[in-house]
Amino acid sequence: VEIAWWKNGCPLKDDYRIDIYNDRLSRHLEICDVRLSDAGEYSVVVKSPVDKAESTCNVVVLESPSRARARR
C-alpha cells in the first residue's frame, strides 16, 4: 500500500514542522508551529494493487487576536 500526502497539489514530506506517521491502522499528518501559510487544500491518496482512495479537506488557519494585536 502506498500513501501520499499533498498540499495544494504538491507532495508533502516529513520535515521539522510536518510529521507524517502511522498509528496501527490509521495514518496521521501533524503540523507543528502552524503558520498562516499552512492554509490550503490537503489530500491523502492511498493506493493498493487493486484500488485507490483519496480524501481532501480545506484547512483554514486563523491568526490569534493577541498575535494580531502584537503586530500592530
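**Contacts, burial and pairing in a predicted model**

Me: What makes the link between the side chains of Arg-17 and Asp-38 a polar contact?

Reply: In this predicted model, the side chains of Arg-17 and Asp-38 are joined at 2.8 Å. The cut-off for a pair of N or O atoms is 3.5 Å, so 2.8 Å qualifies. The Arg-17 side chain also reaches the backbone oxygen of Asp-33, at 3.0 Å.

Me: Why is Arg-17 called buried?

Reply: Its relative accessible area is 10%. Buried means under 20%, so Arg-17 falls in that class. Arg-17 sits in the loop between strand 2 (10–11) and strand 3 (18–23).

Me: Which residues does Arg-17 touch, leaving aside those up to four places away in sequence?

Reply: They are Glu-30, Ile-31, Cys-32, Asp-33, Val-34, Arg-35 and Asp-38. Contact here means heavy atoms within 4.5 Å.

Me: Why is Cys-32 classed as partly exposed?

Reply: Its relative accessibility is 33%. The class runs between buried, under 20%, and exposed, over 50%, so 33% places Cys-32 in it. Cys-57, at 41%, is partly exposed by that rule.

Me: Where does Cys-57 stand in relation to Tyr-42?

Reply: Cys-57 is in strand 6, opposite Tyr-42.

Me: What makes strand 5 and strand 6 a pair?

Reply: There are 8 bridges between strand 5 (residues 40–47) and strand 6, and the two run antiparallel. Pairing needs at least two bridges, so these strands pair. They belong to an open sheet of 4 antiparallel strands, in the order 2-1-5-6.

Me: Why are strand 2 and strand 6 placed at the edges?

Reply: Each has a single partner strand, so one side of each has no neighbour in the sheet. Strand 6 covers 52–59.

Me: What makes up the largest nonpolar core?

Reply: It has 5 residues: Trp-5, Leu-12, Ile-18, Tyr-42 and Val-44. To be counted, residues must be buried and joined through side-chain atoms within 4.5 Å. Beyond four places in sequence, Val-44 touches Ile-3, Ala-4, Trp-5, Ala-53, Glu-54 and Ser-55. Among them, Trp-5 is a member of the core too.

Methods
Residues numbered from 1 in each chain as written. Predicted model: local features only at pLDDT ≥ 70, side-chain atom pairs only at ≥ 80, totals over all residues. Heavy atoms only, no water. Buried < 20%, exposed > 50% of the residue type's maximum accessible area, 1.4 Å probe, protein only. Polar contact = N/O pair within 3.5 Å; in protein donor to acceptor, adjacent residues only side chain to side chain.
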